[in-house]
Structures are given as C-alpha cells and as structure tokens.
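Colleague: I should like to go through the reasoning behind the labels attached to this model. Please set each value against its criterion before concluding.

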Amino acid sequence: MLALGLDLDEAGRGRSNWANILAAFEYGPASSAYHHATDPEAAQWTLQVELLAQIREGLDVVRWMLAGGKNGNRPKPIPRPGDKKRYGQGESWTVESLDEWIRLKEQEV
C-alpha cells in the first residue's frame, strides 16, 4: 500500500479514504502480500508464466498435428489457477468421486 501512496494512518485522519484502501487491497498487483496470502497459486501465475504456457500449448498442438493428429490423443491444456475439476463429463462416477463432487458443491454455497 505504501508503494501506492496509501497509509492506514492517513485514512484515520481523513487524508485518504477507506474506499481507496479497500480498492488497493482488492485490485492491487498480483505480487502483493495480500494476494499471496489470499490466493498463493494465482499470485504466482504472472503474465510471463501465462505466455509461456500458451507457447508450450501451441508447440504441443503443432507436434500433435505433425504426428498425424489423431482425435483420441490431442494434447491437454495446462491447468490455470482457478480452473475447477469438471465432474460428470462422460466419465463413470465412483463413490469417492461423487463424495468429492458433493463436498465441492457444498463449499460453493
């Protein structure tokens, strides 16, 4: 917050407002300590890492196409932070996978 020119003492004295401080927390840089504490996986996923992942995925597709491009073994994308596991997409359900799906649904509520 100090790098953005905000200070909690300033807000208490009326020189800054709490809305600016809240916005600095919510929309501050991904490298901030707040973002590392609240979502460490996403805080490490920088623009450079995203670009490298896209390059790798593109090269994987080119290699797959040059090898014949069979439908069954198409390369899978690199998981991104925030991607959720998808259940019920044509796979068979075990008791454990159903319990996991129910647990995830209960956490969303």
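Colleague: What makes Trp93, Leu98, Trp101 and Ile102 a nonpolar patch on the surface?

Modeller: This is a predicted model. Trp93, Leu98, Trp101 and Ile102 together have about 340 Å² of accessible area. Patch members must have over 30% relative accessible area, and nonpolar side chains are joined within 5 Å. Leucine 98, which is located in helix α6 (residues 95–108), has a relative accessibility of 36%, and that value is over the 30% limit.

Colleague: Why is leucine 98 called partly exposed?

Modeller: Exposed requires over 50% and buried requires under 20%. Leucine 98 has 36%, so the value falls in between and the label is partly exposed.

Colleague: How many salt bridges are counted, and what makes the pair of arginine 80 and glutamate 57 one of them?

Modeller: The count comes to five salt bridges. The criterion is a side-chain nitrogen of Lys or Arg within 4 Å of a carboxyl oxygen of Asp or Glu. For arginine 80 and glutamate 57 the N to O distance is 2.7 Å, so the pair qualifies under the 4 Å limit.

Colleague: Which residues are linked with Arg80 in a network of salt bridges?

Modeller: Glu50, Glu57 and Arg80 are linked in such a network. Glutamate 50 is placed in helix α5. Leaving out residues up to four places away in sequence, glutamate 50 touches Trp45 and Arg80.

Colleague: How do you know that the side chains of glutamate 50 and glutamine 54 are joined by a polar contact?

Modeller: The distance between them is 2.8 Å. A polar contact requires N or O atoms within 3.5 Å, with one able to donate a hydrogen and the other to accept it. The pair is listed as a polar contact, and its distance is within the 3.5 Å limit.

Colleague: What makes aspartate 60 and arginine 63 a salt bridge, and where do they lie?

Modeller: Their closest N and O atoms are 2.3 Å apart, which is within the limit of 4 Å. Both residues lie in helix α5, three residues apart, or about one turn of the helix. As to the general principle, side chains of opposite charge can pair when their charged atoms come close.

Colleague: Why do aspartate 60 and arginine 63 receive their accessibility labels?

Modeller: Aspartate 60 has 11% relative accessibility, under the 20% limit, and therefore counts as buried. Arginine 63 has 54%, over the 50% limit, and therefore counts as exposed.

Colleague: How do you know that glutamate 100 and arginine 103 form a salt bridge?

Modeller: The closest N and O atoms of glutamate 100 and arginine 103 are 2.6 Å apart, again within 4 Å. Both lie in helix α6, three residues apart, about one turn of the helix. Glutamate 100 has 27% relative accessibility and arginine 103 has 36%. Each value lies between 20% and 50%, so each residue counts as partly exposed.

Colleague: Where in the protein chain is confidence lowest, and where highest?

Modeller: Helix α1 (residues 8–12) has the lowest confidence, with a mean pLDDT of 67, and α5 the highest, at 91. The protein chain averages 78, and 78% of the residues score at least 70. Where pLDDT is low, the predicted coordinates should not be read in detail.

Notes. Residues numbered from 1 in each chain as written. Predicted model: local features only at pLDDT ≥ 70, side-chain atom pairs only at ≥ 80, totals over all residues. Heavy atoms only, no water. Patch = residues over 30% accessible without salt bridge, like charges linked within 9 Å, V, L, I, M, F, W, Y side chains within 5 Å. Areas by Shrake-Rupley, 256 points an atom, 1.4 Å probe, with all protein chains shown as cover. Helix = DSSP H or I, 4+ residues; strand = E, 2+ residues; numbered from the N terminus. Buried < 20%, exposed > 50% of the residue type's maximum accessible area, 1.4 Å probe, protein only. Contact = heavy atoms within 4.5 Å. pLDDT = per-residue confidence, 0-100.
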